[in-house]
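Try each task before you read its solution.

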Amino acid sequence: MQLNAPQQAAVDHREGALLVLAGAGSGKTRVITSRIAALLKSVPAEQVVALTFTNKAAREMRDRVMEQVGRASAKGLIVSTFHSLGVRILRREIERLGYKGNFSIYGEADQRRLIKDLLPLRRQERGSAQEVEEVLARISSAKNRMQTPETFQPNRHDECDLLTAEVYPRYQQGLKACNAIDFDDILLLTLQLFASHPAVLRQYQQQFRYIMVDEYQDTNHVQYCLLRELSAIHGNLCVVGDDDQSIYGWRGAQAGNILDFEQDFPGARVIKLEQNYRSTGRILAAANALIEHNPGRHEKRLWTAGEQGAEVVYRCCDDGEDEAMAVVAAIHRERYRHQLSYRDFAILYRTNSQSRAFEEQLRYENIPYVLIGGQQFFDRKEVRDVLAYLKVFVNTQDEVNLLRILNYPKRGIGESTAQRLIALSVERQQPLWELMQGGDLAQPLGEKAAQQVEAFIQLMQRYRRACRHGERLTATMEELLKELRLEDELYRQADDPKQARRRVENMHEVVNALSSYCEREAVPTLEGFLEKVSLLDRDEPLRNNKEEKLKQDAVVLMSLHSSKGLEFPCVYLVGFEEGTLPHSKIIDEGGDIAEERRLCYVGMTRARKQLMLLGAARRRRYGRLQPQTASRFLEEIPEPLVRREGQAEATLSSPEEQQQQASDFFARMRSMLKEEKAETS
């Protein structure tokens, strides 16, 4: 398929800043990859940088470019996430900031553990996990606004802000003592490096002649500053995005970055991609009508050369159970009528807790489904335990992970021994690892505990040496797990064998990941593997990930946030009520309704052929049915563009009556489908 005129103009543009406003389904990835391929015909690959937000997007982009120009022409091209680029720079330069090059990158679990240890004693005694999470969130938010511990200004009337101001400097000191940085530090430290070492900045400014950014509407203030610095000499910054799909304000993304692009980069050219290659005309008309209610947006209107398609439908259901029944009935009906697969259907919701009723109804009807979301792979304890060993092999200063594995599995170094070691480390002003290596611990710890510490150090030293041989990394890791007898430990800890088996499988999946990494890399190292793991997308587990789940022939259940970038023939956008979409928290706290509208718009534009909006007249809250009001977004779409149907019943049914109604309903539906199938065969 040839590029259309605006797409071709974006590909051909060369000098100066360029903003490509790419509406949903307008072929932006094709434009970016074609533009990179065109640049590589006249520019050395190492002078071109393409940045995006997920490893999946970066992989796809790199693969498509290589298909067009070949591997040799793309050698030296940087296609990566912002954070991968930051780590690439810091690995070379971070010693200028007082860190060692083998620094660790702490994930959320390591961050939580460090913050809990740093909370003032009065807080530790209360041991509030929620408080730890809140402090961590505020530190992250401060870093995304480029506020250091010195410049962080707490709200004097906010107790948690005051606590954050107390913990933040200790947290940064704790990270540095462990030769570690967190995810937010990656870009913040890169900017600090550039500010304190202008010659280093000039080196990268000269090298990166053409910079491209995908999903620019999702950038935060730190990313914006990094792009301004890197593009300052050549000025060839091309950003692609859609302000109508800016839905990550809660993560620090600033829609203003894309809205103010022309003011920030004077003389910038703007190209709009408005032709949609995904959705039918009726779906686009409804989505356009909704998003036009947002103030201060770039004016654009999606259109298609394709069919007008089926009507967009809004159905008012009696309650949440009726809503689930209506969706499942529609899936049955459309699947048989149009010979669709289960994977062609997606149920989208504002909050993950909405999935329960749909899961129950799908199970009741024996319809396969996949749930996108849930616990992150790297948040699982058994995975963190294995990775903790590897992190200490690489960085012995990483005391958070050193303390994690000191007595796991149990080896006779209990909590009291660990506390004595920490006290000795402080008293002697020695790092923990150095202290334990030095011997002379029999008197302060006792003979038996000192022997266990010595045995632990010998084990760690043995495997640290073994890990230096890249060709044996996988075998070394397998030997470690066997010697530690972690499998036996997991079975001892688990409440039931099935749970233990899942945990053992997760543990071995880390070995599989290391094996895959070693096969892909010319020179595999443990440092390289841990870096890959640290930079994995936060919604990208090693197994049963989103990509694998979406390949299954199963109905997809996912949140609106998770659906961005995906498309399905049939979409059911549920919970279309005030308090759900837009969410009550946004309404009550005077939040950004415009972002909630964008979120709704993103959900609507996931649909290719059929879109159904569903809400309930009553919904069970805290065990009681309460009346609901249709979402304000429904009223913003003119009635001719959405067919309204369904009338909620005025009487309440008991759970038993509801189940009987469901049984009767699906019996009638199965009978109807059998008759319909017989007629068509």
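**Exercise 1.** Work out whether F529 is buried or exposed in this predicted model.

*Solution.* Start with the cut-off: buried means under 20% relative accessible area. F529 has a relative accessible area of 3%, so F529 is buried.

**Exercise 2.** Now classify the ring pair of Y517 and F529, and say which parts the pair ties together.

*Solution.* A pair of aromatic rings is described by the distance of the centres and the angle of the planes. Take the distance to begin with: the ring centres of Y517 and F529 are 5.9 Å apart, and rings pair if their centres lie within 6.5 Å. Next comes the angle: planes under 30 degrees apart count as stacked and over 60 as edge-to-face. The planes of Y517 and F529 stand at 55 degrees, so this pair is tilted.

Then locate the partners. Y517 belongs to helix α25 (residues 497-520) and F529 to helix α26 (residues 526-535), so the pair ties together parts twelve residues apart in sequence. Y517 counts as buried too, at 4% relative accessibility. In total, the count comes to eleven aromatic pairs.

**Exercise 3.** Which residues of other parts of the sequence does R598 touch, and is R598 buried or exposed?

*Solution.* Find R598 in helix α30 (residues 593-604). Its relative accessible area is 9%, so R598 is buried. Leaving out residues up to four places away in sequence, R598 touches D243, D244, Q245, S246, I247, A255, I291, N294 and D592.

Technical notes. Residues are numbered from 1 along each chain as its sequence is written. This is a predicted model: local features need pLDDT of at least 70, side-chain atom pairs count only at pLDDT 80 or more; totals for chains, interfaces and linings use all residues. Side-chain values use heavy atoms; hydrogens and water are left out. Helices (H or I, at least four residues) and strands (E, at least two) are DSSP runs, numbered from the N terminus. Buried means under 20% relative accessible area, exposed over 50%, partly exposed in between (1.4 Å probe, protein chains only). Contact means heavy atoms within 4.5 Å. Rings of Phe, Tyr and Trp (its six-membered ring) pair if their centres lie within 6.5 Å; planes under 30 degrees apart count as stacked, over 60 as edge-to-face and the rest as tilted.
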